[in-house]
Amino acid sequence: MGLKSVLCAKIEIKANKDVFHDVFTNKPHHVSTMSPLHVQGCELLEGVFGTVGSKICWTYTLEGKQKISKQVIETIDEEKKVITFKEFEGDLVNIYDNWKTTLHIETKGEIDLVCWTMEYERPNENVPELINLLDFIIGMTKAVDDHHVKMN
């Protein structure tokens, strides 16, 4: 059994939280046009976008290297604005076990926060925490938010 890790980030967004949730739930294939430096594509492998059990494949660039992540959508809660993705094949699970990420949008007063939580297991102490991936996710989130703010 590996060393369990949980990394979280909360990013304030200016765009409408419903639109933001909709992008990652129903239109993840649009993320590459909103954040092309981070994400180059999202392909539907099985099922229908926006449904639990559907499988997608992200292509992205992390630290100058092309990566892939094949994920299954584990949960969607429209009311609470939550979606969970679990990688079943790709660059992360080649090293880390049980990698999954949850996107949750919460409101604190007048502020909407995109909350990302990554959970995974490192096989040993020599395998680094995924701080670089968390930084990537923050950058992607800001780019998607900026895209929507500029549209309005």
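**Close-up 1. Histidine 148 in the predicted model.** Histidine 148 counts as buried, because its relative accessibility of 9% falls under the 20% limit for that class. The model shown in this and the following views is predicted. Histidine 148 is part of helix H3, and, leaving aside residues up to four places away in sequence, its contacts are Ala15, Val19, Val23 and Met34.

**Close-up 2. The largest nonpolar core.** This core has 36 residues, among which Phe24, Met118, Leu130 and Leu133 touch the most other members. Helix H3, spanning residues 131-151, contributes the most to the core, with six residues.

**Close-up 3. The surroundings of leucine 130.** When residues up to four places away in sequence are not counted, leucine 130 is in contact with Leu7, Leu92, Tyr96, Trp99, Met118 and Tyr120. Leu130 also belongs to the residues that lie nearest the centre of the largest pocket, together with Leu62, Lys67, Ile95 and Asn132.

**Close-up 4. The largest pocket and its lining.** The lining of this pocket is made up of 14 residues, and the space within the pocket comes to about 240 Å³. Strand E3 (55-62) and strand E4 (65-77) are the elements that each supply two or more residues to the lining. By residue class, the lining comprises eight nonpolar, five charged and one polar.

Close-up 5. An unreviewed UniProt entry lists residues 2-151 as "domain: Bet v I/Major latex protein". In the predicted model this span is 49% strand and 23% helix, and its end C-alpha atoms are 44 Å apart.

Methods
Residues are numbered from 1 along each chain as its sequence is written. This is a predicted model: local features need pLDDT of at least 70, side-chain atom pairs count only at pLDDT 80 or more; totals for chains, interfaces and linings use all residues. Side-chain values use heavy atoms; hydrogens and water are left out. On a 1 Å grid over the protein atoms alone, a cavity is a set of points where a 1.4 Å probe fits but cannot get out, and a pocket is an open set with protein on both sides within 12 Å along at least five of seven lines; lining residues have an atom within 4 Å of a point. Grid points are joined across faces, edges and corners, and a volume is the space filled by probe spheres set on the points. Helices (H or I, at least four residues) and strands (E, at least two) are DSSP runs, numbered from the N terminus. Ala, Val, Leu, Ile, Met, Phe, Trp, Tyr, Cys and Pro count as nonpolar, Asp, Glu, Lys and Arg as charged, and the others, Gly among them, as polar. UniProt positions are given in the numbering used here, feature names are shortened, and annotations may be inferred rather than shown by experiment. A nonpolar core is a set of buried Ala, Val, Leu, Ile, Met, Phe, Trp, Tyr and Cys residues joined through side-chain atoms within 4.5 Å. Buried means under 20% relative accessible area, exposed over 50%, partly exposed in between (1.4 Å probe, protein chains only). Contact means heavy atoms within 4.5 Å.
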